[in-house]
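This briefing covers the annotated active site of one protein model. The sequence and structure come first, followed by the notes.

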Amino acid sequence: MKFNLAGVDKQSKARAGEITTDHGVIETPIFMPVGTAGSVKAVHQRELKDDVQAQIILGNTYHLYLRPGLEVIEAAGGLHKFNGWDKPILTDSGGYQVYSLSGTRKIKEEGVTFKSHIDGSKHIFSPEGVMDIQRTIGADIMMAFDECTPYPCDYEYARKSMEMTHRWLKRCCDRFDATEGKYGYSQTLFPIVQGSTYKDLRVKSAETIASYEREGNAIGGLSVGEPAEMMYEHTEIVCDILPKDKPRYLMGVGTPENILEGIALGVDMFDCVMPTRNARNGMLFTSEGILNMRNEKWKNDHSPIDPNLGGYNSTFYSKAYLRHLITSKEILGAQIASIHNLTFYLWLVKEARKQILAGTFVDWKNRMVKKVTQRL
C-alpha cells in the first residue's frame, strides 16, 4: 500500500491524499460505508459504485467469522469474490464487537473467549488467530486486535488495557509478517491507538503505535459516549504524533459534523453505521440539513431529496414519495434512504477534498457545519 499527500490546508491540519492498493486508488479524506456481514445493508454493490461512488467498504471480522464462516469465504476466493466488490475492503478486527459483548466474554492475555450471539457457541479470538482470519477474508487493510475501552473508564483499567493492546499488537505484527495473503494481492496491517480519554495514555499509545512504522494507523476507543469536544481533543493529540506520511483512520466516526471537524484535525479515513442505520429510521442527511421523513411537512413536497448531490437516487425520487414509502414501511424506502445518506457522506468528503486542494477548506467547513447540523 502507498500513501501520497496531494495537498495540506494552510489554515488547518486537513490533508488531501491518495491511498493506492492492489484493488484501486482511494482519494482521501474518505468515508467508508460499513458492510458488516459482507453487505452494506439494503444497498446493491452496483449502487455503491454508481450512486454512492464508494471507493472502499468495510467488512467485520467477528460477523464474517461466525457467518457465513471462513470455509465459505475461502472457497469463494476471498470476500471480494464472495460479495462481488472489486474495490478495496477494510476489515476491523472484531475488537469492538467483543467490547460490545461485555456480558458474554472474558479478556485474558492470550486473547478473548466469547459466546456467539447467533447460537451461544464458545470461541476464542487471539491476536494471531485474528490475523489468520483476516488473511482468509482477504481485506486490503487489516486491523490489529485491540481492546476498546468503554466511556467513562477508570484510569488504571485504561492503562492496563492499553498496555495489553500494545502487547497484542506485537503479536499481530509478528504473525502478519510471518504469513502471506491467500489470493495473490497484498494486504496491509493498521495498528490502533487506545488510551481512553487520558492525555498521557493517548500520547504514550500514539508514540508506541508510530514506532511500529506500519503503512497506516488507526485511532480507536473514541465515539463511545464521550462528549464531542473530548473526542476532538484526543483526536488532535494523536494526529499530532502519528506520522504525517501515513493515512490516519478515526474508527467509528460519525456525524457529518464529526467528520468535518475530524478532517480539520488531520484525519484521512472514517467509517460509521450512522448513515444507513438512521436512514432505515427515516432520518436523512442532506447538503442543506437534516430531514425527518416521518414529518407531515414532507407529505406533499414533490421536490427531489437533494438536487445538490447529483446522481440518480437523490435527484430522481421526491421527498413526498420517500415519506410515503417510509411511513408505509415499504422496504424500498429504507433502500432509497440508505443510498441517499451514503451518497451524501461520500459527496461531503469529496467536497472537503476539493476545498483542501483549493485552499478554501476552513471557511467552507465552518459554513457546512452550520448547515449539516440544522434540522429542516
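Asp92 lies in strand E6 (residues 89-92); strands here are DSSP runs of at least two residues, numbered from the N terminus. The model is predicted: local features need pLDDT of at least 70, side-chain atom pairs count only at pLDDT 80 or more, and totals for chains, interfaces and linings use all residues. Residues are numbered from 1 along each chain as its sequence is written, and side-chain values use heavy atoms, with hydrogens and water left out.

**Asp92**
- Asp92 is buried at 14% relative accessibility, where buried means under 20% relative accessible area with a 1.4 Å probe and protein chains only.
- Among the residues that Asp92 touches, beyond those up to four places away in sequence, are Gly59, Thr61, Gln134 and Met143; contact means heavy atoms within 4.5 Å.
- The side chains of Asp92 and Asn60 form a polar contact of 3.0 Å (a pair of N or O atoms within 3.5 Å, one able to donate a hydrogen and the other to accept it).

**Asp271**
- Strand E15 (residues 269-271) contains Asp271, which is buried with a relative accessible area of 8%.
- Leaving aside neighbours within four places in sequence, Asp271 has contacts including Phe31, Met32, Tyr249 and Gly252.
- A polar atom of the Asp271 side chain lies 2.8 Å from the backbone nitrogen of Gly252.

**Annotation**
- An unreviewed UniProt entry places the feature "active site" at Asp92 and Asp271; such annotations may be inferred rather than shown by experiment.
- These positions span 180 residues in sequence, yet no two of their C-alpha atoms are more than 10.6 Å apart, so they gather at one spot.

Definitions and conventions
Helix = DSSP H or I, 4+ residues; strand = E, 2+ residues; numbered from the N terminus. Buried < 20%, exposed > 50% of the residue type's maximum accessible area, 1.4 Å probe, protein only.
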